[in-house]
Amino acid sequence: MKDVISEVEFIDIFADNLRDIMKDAKIGQRELAEEAHLTRETINRYLNKKTMPSLRALINICYVLNCDLYDILPACNMIK
């Protein structure tokens, strides 16, 4: 098993997880942005695999989506 993932792989997996969780929660970009105190453009950049959120933004996103960091972040299961 590979012990590390590249930043590109990390962003890809994060974006896919975010999209899936948003779909399950039936929440759109605009609503997530408003409730997480971010802009819709910021959420769009996350979903389009352009950037990763700050820790504050990540925690706010998880709070709004009622999900755990383990659900949205890749490689959390690799932490020993």
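Visitor: Let's start with two helices. Which residues in α1 meet which residues in α3?

Guide: On the α1 side they are F14, A15, L18, R19 and M22, and on the α3 side I43, Y46 and L47. Please keep in mind that this is a predicted model.

Visitor: What is the make-up of that contact by class?

Guide: The contact of α1 with α3 has seven nonpolar residues, one charged residue and no polar ones.

Visitor: And how do I describe the way two helices pack?

Guide: In general, two numbers describe two packed helices: the angle between their axes and the distance between the axes. Here α1 and α3 pack at an angle of about 120°, and their axes are 8 Å apart. Because angles of 65 to 115 degrees count as roughly perpendicular and those over 145 as roughly antiparallel, α1 is oblique to α3.

Visitor: How many helices and strands does the chain have?

Guide: The chain has five helices and zero strands. From the N terminus on, the order of elements reads α-α-α-α-α.

Visitor: Now the rings. How many aromatic pairs does the structure hold, and how is such a pair described?

Guide: A pair of aromatic rings is described by the distance of the centres and the angle of the planes. The structure holds one such pair. F14 and Y46 form it, with 6.1 Å from centre to centre and 80° between the planes. Planes over 60 degrees apart count as edge-to-face, so the pair of F14 and Y46 is edge-to-face. This pair links distant parts of the chain, since F14 sits in helix α1 (residues 7–25) and Y46 in helix α3 (residues 40–47), 32 residues apart.

Visitor: Is F14 buried or exposed, and is Y46 buried or exposed?

Guide: The cut-off for buried is under 20% relative accessible area. F14 has a relative accessibility of 0%, so F14 counts as buried. Y46 has a relative accessible area of 4%, so Y46 is buried too. For the chain as a whole, buried residues make up 34% of the 80 residues.

Visitor: Where is I72, and which residues does I72 touch?

Guide: I72 is in helix α5 (residues 69–72). Leaving out residues up to four places away in sequence, I72 touches F14, N17, L18, I21, L58, I61, C62 and C67. I72 is buried, because its relative accessible area is 0%. From C-alpha to C-alpha, I72 and F14 are 6.0 Å apart in space, while in sequence they are 58 residues apart.

Visitor: What share of the contacts comes from residues 24 or more positions apart?

Guide: Among the contacts in the chain with a separation of 6 or more, residues 24 or more positions apart account for 58%.

Visitor: What about the backbone? Which phi value does H37 have?

Guide: H37 has a positive phi of about 60°, although it is not a glycine. H37 is in the loop between α2 (29–35) and α3. With 64% relative accessibility, H37 counts as exposed. K49, also not a glycine, has a positive phi of about 60°. K49 lies in the loop between α3 and α4 (55–65). K49 is partly exposed, with a relative accessible area of 33%.

Methods
Residues numbered from 1 in each chain as written. Predicted model: local features only at pLDDT ≥ 70, side-chain atom pairs only at ≥ 80, totals over all residues. Heavy atoms only, no water. Phe/Tyr/Trp six-rings, centres within 6.5 Å; stacked < 30°, edge-to-face > 60°. Helix = DSSP H or I, 4+ residues; strand = E, 2+ residues; numbered from the N terminus. Buried < 20%, exposed > 50% of the residue type's maximum accessible area, 1.4 Å probe, protein only. Axes fitted to C-alpha atoms, helices over the stretch in contact; angles between N-to-C directions. Parallel < 35°, antiparallel > 145°, perpendicular 65-115°, else oblique. Contact = heavy atoms within 4.5 Å. Nonpolar A, V, L, I, M, F, W, Y, C, P; charged D, E, K, R; others polar.
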